[in-house]
Amino acid sequence: MRELRGIGASPGGAAGPVYRLAPPPALPPSAETVDPAAEKAAVREAVLVVAADLTRRADTAVDATAAEVLRAQVMMAQDETLIDAADIAIDGGADAPHALTDVLAGHRAAFEAAGGYLAERVSDLDDLRDRLVAACLGQPMPGVPDPGHPYLLIASDLAPADTAGLEPDLVLGLVTAEGGPTSHTAILARTLGIPAVVRCAGILDVADGALASLDGASGVVVAGVSAETVRTVNADRLAEIERRARSQGPGRTRDSHPVALLANIGSARDLTGEVEGVGLFRTELLYLDRSDPPSHEEQVAAYRDVFAALPGRKVVVRTLDAGADKPLPFLRLADEPNPALGVRGLRVARQTPTVLTTQLAAISVAAAATDADVWVMAPMVATAAEAAAFTESCREYGLPTAGVMIEVPAAALRAGQVLRHVDFLSVGTNDLSQYTFAADRMCGDLADLLDPWQPALIALLATCAAAGVEAGKPVGVCGESAADPDFALVLAGLGITSLSMAPRSIPAVRESLAAHTLDECRQIAEAALAAPSPEAARAAVAVLRSSSGWATGAPDEDIRIRG
């Protein structure tokens, strides 16, 4: 057996034979173009084939975010500038596959140089290139294998077209050599409830068909396990899934301290099963890949669909989180040297205030037409003055509960002052980690700095929670760290009042909270906060739990929370 270590990205255990993504097509040697017209026709036919395939995948995707990314790829493929540039390359002597490869290489370099959101789309361009080349050569599209039985999927990383069609009953677990815990692949794995490990060096050396096991919490992957180990791990996993499916009701500790467990969604279609409410409604999916913003009426309809599905329950709406690092054509924002630190989130309202006011008006109309308890929050708030201005805007449109996201360290450090002007805080740990450690979320080499168990991040969370306790106002967490059953204990112990995550992650977190008292959670939080490193924080919590004799599995039947 061989033990490999990566970063746990989606909790749970899984085992089985490993299979890797189908490789991209090999580009044949360049040949002199005999019939330029035929090569240009081949480019157009490839675009039609790939666009149709990606559209089909988008229409059947289980994740709304993945569907939107796929539709963005369709727009890239159908872009006339791409086709025109390929024509020019063909007139220069290239054949269709080489023309497309060369043109997309230029786009790739431009995306990398732009940084931020565009740099994150480099893998989408690579995937689009491989699909177009495969179509030109008449070869199968690269992607997820189908060996006819459940397996562990291994890859360098996954493109949205690959992740969009993942089936949890077939893909038992996922291990990538690259990526990070906040990458699209990791987030989708948590959404689907697929155990996953990212940034696992050596995983691509494991042969197809070899038996392996993975632990999505610790990041440990063991290659060369026995068939008996595979049966045991998967039996335990099924028992755990069945046990958690029986656990219902609101989130609370063993001594009945409430910790609301809410869902992260992008649209009404993401609402699966019964949830307490929504802690993060990402409205930007309505705006993606449009040359004009959605109309007031269109926004009202989209928001009303979500609100109507949750009568009497809380729905926290995040206003448009876009800008230079998430470019939207209709915003027409100027290029920036460092987009991640530029005009994004609430800052867009400095240049185009009507985008925010139109959205607030639409949210207000949709809320008035339903019985949902609608809260509104702004992203990328840095100062108390910004928070006050946003709250004033919400009040003008009849929205009674206004809050802000804490993603900027400056806002976290001044959480008490911010809370004087808002009704609640919601900490986005993904971006807060990125800005605290000056580590780009898409830079796999720095993925260890984005570990939510980093003591510096926990210290900022503690500051926000303490400010909420002092002000008597709720402070939630809507970053992916909320989906970690162990880290949820830390958050509850710090004083966080709600945790928002992918709906499939809620049962495991509910079960973890129900097995511990609030005092135990506080001791866990203190141990994590005092640790010098993420590894030490995890170890300290593990030791504390085992030495105290606290429950580590499902709560007893008499204390299990039921709806």
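Predicted model: local features only at pLDDT ≥ 70, side-chain atom pairs only at ≥ 80, totals over all residues.

Colleague: How are the planes of Trp-453 and Phe-487 arranged: stacked, tilted or edge-to-face?

Modeller: The ring centres of Trp-453 and Phe-487 lie 5.2 Å apart, and the planes meet at 65 degrees. Planes over 60 degrees apart count as edge-to-face. The pair of Trp-453 and Phe-487 is therefore edge-to-face.

Colleague: How many residues apart are Trp-453 and Phe-487?

Modeller: Trp-453 belongs to the loop between α15 and α16, whereas Phe-487 belongs to helix α17. The pair thus links distant parts of the chain, and its members are 34 residues apart.

Colleague: Is Trp-453 buried or exposed?

Modeller: Trp-453 has a relative accessible area of 2%. A residue under 20% counts as buried. Trp-453 is therefore buried.

Colleague: Which loop holds Ser-256, and is Ser-256 buried, partly exposed or exposed?

Modeller: Ser-256 lies in the loop between α9 and β9.

Colleague: What is the phi of Met-380?

Modeller: Most residues other than glycine have a negative phi. Met-380, in the loop between β12 and α12, has a positive value instead. The phi of Met-380 is near 60 degrees.

Colleague: Over the ring of which residue does the charged end of Lys-314 sit?

Modeller: The charged end of Lys-314 is 4.1 Å from the centre of the ring in question. That ring belongs to Trp-375.

Conventions
Residues numbered from 1 in each chain as written. Heavy atoms only, no water. Phe/Tyr/Trp six-rings, centres within 6.5 Å; stacked < 30°, edge-to-face > 60°. Helix = DSSP H or I, 4+ residues; strand = E, 2+ residues; numbered from the N terminus. Buried < 20%, exposed > 50% of the residue type's maximum accessible area, 1.4 Å probe, protein only. Lys NZ or Arg CZ within 6 Å of the ring centre and 35° of its normal.
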